[in-house]
Amino acid sequence: MDGTAGIEIKRGSVLRGAGGQRIGTVDAVFADYLLVRTPGLLPVDLYVPRAQVTTDDQGRPTVSQDRRAAYDAWHRPLKRAPHD
């Protein structure tokens with residue numbers, strides 16, 4: 001079952017992980033995943049499956065992973081440069 005069924009997640013929401021740690025900001029909401037941009041000088045896009053997202057007692061989107069595990073699981077770098 002989808003962890004976010006019936007829950008509205010809006011662009012600009014902060015996605016939190018294990019221990020309340022900030023993972024990033026929701027940049028776009030799609031039917032089966034959230035595009036989450038991490039904070040920092042070099043932001044990274046994470047493609048978070050909606051089935052992995054729940055909400056805390058205040059209705060904020062959360063995942064069970066910490067920041068590093070989220071990066072390892074959901075970062076999708078380019079395989080090679082588009083012009084190669």
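Trainee: Is Thr38 buried or exposed?

Mentor: This is a predicted model, where local features need pLDDT of at least 70 and side-chain atom pairs count only at pLDDT 80 or more, while totals for chains, interfaces and linings use all residues. Residues are numbered from 1 along each chain as its sequence is written, and side-chain values use heavy atoms, leaving out hydrogens and water. Buried means under 20% relative accessible area, exposed over 50%, and partly exposed in between, with a 1.4 Å probe and protein chains only. Thr38 has a relative accessible area of 15%, so the word for Thr38 is buried.

Trainee: Which residues is Thr38 in contact with, leaving aside neighbours within four places in sequence?

Mentor: Thr38 sits in the loop between S3 and S4. Contact here means heavy atoms within 4.5 Å. On that basis, the partners of Thr38 are Ile23, Gly24, Pro43, Val44 and Leu46.

Trainee: How far is the backbone nitrogen of Val44 from a polar atom of the Thr38 side chain?

Mentor: Val44 is already one of the contacts of Thr38. From that backbone nitrogen to the side-chain polar atom of Thr38, the distance is 2.8 Å.

Trainee: What is the relative accessible area of Ile7?

Mentor: Look in the segment before S1 for Ile7. Leaving aside neighbours within four places in sequence, Ile7 is in contact with Arg50 and Thr55. Ile7 counts as partly exposed because its relative accessible area is 27%.

Trainee: And how far apart in space are Ile7 and Thr54, C-alpha to C-alpha?

Mentor: In sequence, Ile7 and Thr54 are 47 residues apart. In space, their C-alpha atoms are separated by 8.7 Å.

Trainee: In what sense do S2 and S3 pair?

Mentor: Two strands pair if DSSP finds at least two bridges between them. A hairpin joins S2 to S3 through three residues, and Ala28 stands opposite Leu35 in S3. There are four bridges between S2 and S3, and the sense is antiparallel.

Trainee: Which residue in S2 is the bridge partner of Arg16?

Mentor: S1 and S2 also pair in the antiparallel sense, over three bridges. They form a hairpin with five residues between them, and Gly19 in the turn has a positive phi of about 70°. Across from Arg16, the bridge partner in S2 is Arg22.

Trainee: What is the mean pLDDT of the protein chain?

Mentor: pLDDT is the predictor's confidence in each residue, from 0 to 100. In the protein chain, 85% of residues reach 70 or more, and the mean is 86.

Note on methods:
Helices (H or I, at least four residues) and strands (E, at least two) are DSSP runs, numbered from the N terminus. A polar contact is a pair of N or O atoms within 3.5 Å; within protein, one must be able to donate a hydrogen and the other to accept it, and residues adjacent in sequence count only if both atoms are side-chain atoms.
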